[in-house]
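Try each task before reading its solution.

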Amino acid sequence: MTDPVDPGPPAAWHLHVGRCVLLDGFHALKHALRFGAEVPVAVTSDRAGALALADELAPDVREALAGLLTEVSHEAYASLVPRPHPTAVAALAVRPARAVGLETLARLPRRAPVVVLDQPRNLGNAGAVIRLAAGFGATGVVTTGTLDPWHPTVVRGGAGLHFATVVERLEAAALPPGPVFALDPEGEDIRGLRLPDDALLAFGSERSGLTRELRARADHLVALPMRPQVSSYNLATSVAMTLYHWSAGGGAPQVP
């Protein structure tokens, strides 16, 4: 009698694809592990290189990575991802329970604002915003509209930091409680305002701005300083400026 054949990581990968999100690259996997993600399978075509990166950049998760990463051929690795990452690392992580995220968003008092992206269109911008929100310790990022904030391109742009904050999609009418400070060129100069920790910081889409529904929900319209004849800032830049203004008023990133 022969021993059963181990199906190997590619087969195990396909068992988890439907319920998991792709972590594309070493840094996405590193961040997800740091913030408690459940990672059932992780592969690399260069295990020694990945662990060397961990020694250099992420010794705190080196042991976890060593236990997770299985080396496969470059062809097998490339067959599992839309395009190979320079670090030759990929993993699947279980998406956090929606009920837990919604409970966190609704809980008051908050220690940090919630970022609201009102019908965003650009997947990369949404990922960059989630990365920013995680860095500033925001309570979460909520999107309205059709964009899926857990789309693989968004997760790639967020560098795995979806697991460091709450990320959910909601209708404008179902936003969490708290005063809404909506960014708008006609609003009050943000430099004269203090943004409270329980604020919802709302940003319109890259092309159309705020929807009527979100504008009607706003308690305050807020404008970023901008030189005349400059049309707008990039969405992620606007979020970064606003979160920095909040943090300069006393808010600070939370230590995990």
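**Exercise 1. Find the exposed residues on the face of α3 turned away from its buried side. Then find the buried ones.**

Some ground rules come with the model. It is a predicted model, where local features need pLDDT of at least 70, side-chain atom pairs count only at pLDDT 80 or more, and totals for chains, interfaces and linings use all residues. Residues are numbered from 1 along each chain as its sequence is written, and side-chain values use heavy atoms, with hydrogens and water left out.

Step 1. The face of α3 turned away from its buried side carries Ala48 and Glu56, both exposed. Exposed means over 50% relative accessible area, buried under 20%, and partly exposed in between (1.4 Å probe, protein chains only). Helices (H or I, at least four residues) and strands (E, at least two) are DSSP runs, numbered from the N terminus.

Step 2. Helix α3 spans residues 47-57, and its buried residues are Ala50, Leu51 and Ala54. They sit on the same side of α3 because they cover an arc of only 95 degrees around the axis. That arc is taken from the directions from the helix axis to the C-beta atoms.

Step 3. Look at the partners. The buried residues of α3 pack against α2 (26-34), β2 (41-44), α4 (62-68), β3 (69-71) and β4 (89-94).

**Exercise 2. Describe how α2 and α3 pack.**

Step 1. Their axes are 11 Å apart, at an angle of about 55 degrees. Axes are lines fitted to C-alpha atoms, for helices over the stretch in contact; angles run from 0 to 180 degrees between N-to-C directions.

Step 2. Classify the angle. The two helices α2 and α3 are therefore oblique to each other. The cut-offs are under 35 degrees for roughly parallel, over 145 for roughly antiparallel, 65 to 115 for roughly perpendicular, and oblique for the rest.

Step 3. List the contact residues. From α2 come Phe26, His27 and Arg34; from α3 come Ala50, Leu53, Ala54 and Leu57. Contact means heavy atoms within 4.5 Å.

**Exercise 3. Which residues have the most contacts inside the largest nonpolar core?**

Step 1. Define the set: buried Ala, Val, Leu, Ile, Met, Phe, Trp, Tyr and Cys residues joined through side-chain atoms within 4.5 Å.

Step 2. The largest such core has 51 residues, and Leu23, Leu29, Val39, Leu65 and Leu117 have the most contacts inside it.

Step 3. Check for another. A second, separate core of 15 residues includes Val116, Leu175, Ala182 and Ala218.

Step 4. In soluble globular proteins, nonpolar side chains tend to be buried together.
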